[in-house]
Every structure is written in C-alpha cells, then in structure tokens.
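Good morning, and thank you for making time for this presentation. Please keep the sequence and the structure in view while I speak.

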Amino acid sequence: MHCRIEVRRQDNRHVVHLAGRLANQEVPELLEACIADSPPILELDELVSAHAVGLDALLRIEERGGQLVGLPEYIRLKLNALARERLR
C-alpha cells in the first residue's frame, strides 16, 4: 500500500491529507503539496507508517509551522527522537 496524498482548501487553509505508508518515493510529492502561502495542516489520522526520509519530511514541515493533526502516537515518538538527534 502506497501513500495517498490529497490536497484541498478548508476555511482558507491549505490542508494535505495522507493515507497509507509514506515511503521515500512519495516525499517529493508531499513537499510539493505543502507549498502554500501559509503553513499547511497535515491530516495524518490514516497514516500507517513513514520511512526515515518521510519522517524527516514531516519534521521539516512541522518545524516550518505546519500543523500535524491526527498523528499516530508511535510516529510522534519517532519524530521527537529525530528532533532530539538533530539538536546533538
């Protein structure tokens, strides 16, 4: 199962919905989908997993002001660990 990426406008905000497994090959599409005038909202309640490059992309989007909504807790833990590694 690959990652489905859907983009829409909601209440004048750029919303990106991810479903499935975020692998390396989907990261360029995700980053392109997140280009907007304001930081996007990422709906991640249907995200099953993310490879290392996908985790890095999610963290970069969040660091630039993107809002990660519905993020599974185990992926949040991986993002927090990655953020700590970057601070070293």
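I begin with Asn 12, which is found in the loop between β1 and β2. Please bear in mind that we are looking at a predicted model. Asn 12 counts as exposed, because its relative accessibility is 64%. Its phi is near 65 degrees, a positive value in a residue other than glycine. Asp 11 lies in the loop between β1 and β2 as well, and its phi is near 50 degrees, again positive in a residue that is not glycine. As a general point, most residues other than glycine have a negative phi. Asp 11 has a relative accessibility of 71% and therefore counts as exposed.

From the loop I turn to the sheet. In what order do the four strands of the sheet stand? The order is β1-β2-β3-β4, in an open sheet with mixed pairing. The edges are taken by β1, residues 4-10, and β4; each has a single partner strand, so one side of each is left without a neighbour in the sheet. From one strand to the next, the twist averages 25 degrees. Strands β1 and β2 run antiparallel and are joined by seven bridges. Within this part of the sheet, Arg 8 stands opposite Val 15 in β2.

Two helices pack on the sheet. Helix α2 touches β2, β3 and β4, and its direction makes about 160 degrees with that of β3. Helix α3 touches β3 and β4, and its direction makes about 95 degrees with that of β3.

Let us consider α2 by itself. This helix covers residues 52-63, and its 12 residues should span 16 Å at 1.5 Å a residue; the end C-alpha atoms are 16 Å apart, which agrees. Which residues of α2 are buried? They are Gly 54, Leu 55, Ala 57, Leu 58, Leu 59 and Ile 61. These buried residues pack against several elements, including β2, α1 and α3. Glu 63, by contrast, is found in α2 and is exposed, with a relative accessible area of 51%. Between Glu 63 and Ala 83 there are 20 residues in sequence, yet their C-alpha atoms are 9.5 Å apart in space. Just after α2 comes Gly 65, with a positive phi of about 105 degrees.

The next helix is α3. It has 15 residues and reaches 21 Å from its first C-alpha to its last, close to the 21 Å expected at 1.5 Å a residue. Its buried residues are Ile 75, Arg 76 and Leu 79.

Because its relative accessibility is 35%, Val 69 counts as partly exposed. Leaving aside residues up to four places away in sequence, Val 69 touches Ile 41, Leu 42, Glu 43, Leu 44 and Asp 45. The C-alpha atoms of Val 69 and Leu 18 are separated by 11 Å, and the two residues are 51 residues apart along the chain.

Methods. Residues numbered from 1 in each chain as written. Predicted model: local features only at pLDDT ≥ 70, side-chain atom pairs only at ≥ 80, totals over all residues. Heavy atoms only, no water. Expected span 1.5 Å × (residues − 1). Buried < 20%, exposed > 50% of the residue type's maximum accessible area, 1.4 Å probe, protein only. Contact = heavy atoms within 4.5 Å. Pairing = 2+ DSSP bridges. Axes fitted to C-alpha atoms, helices over the stretch in contact; angles between N-to-C directions.
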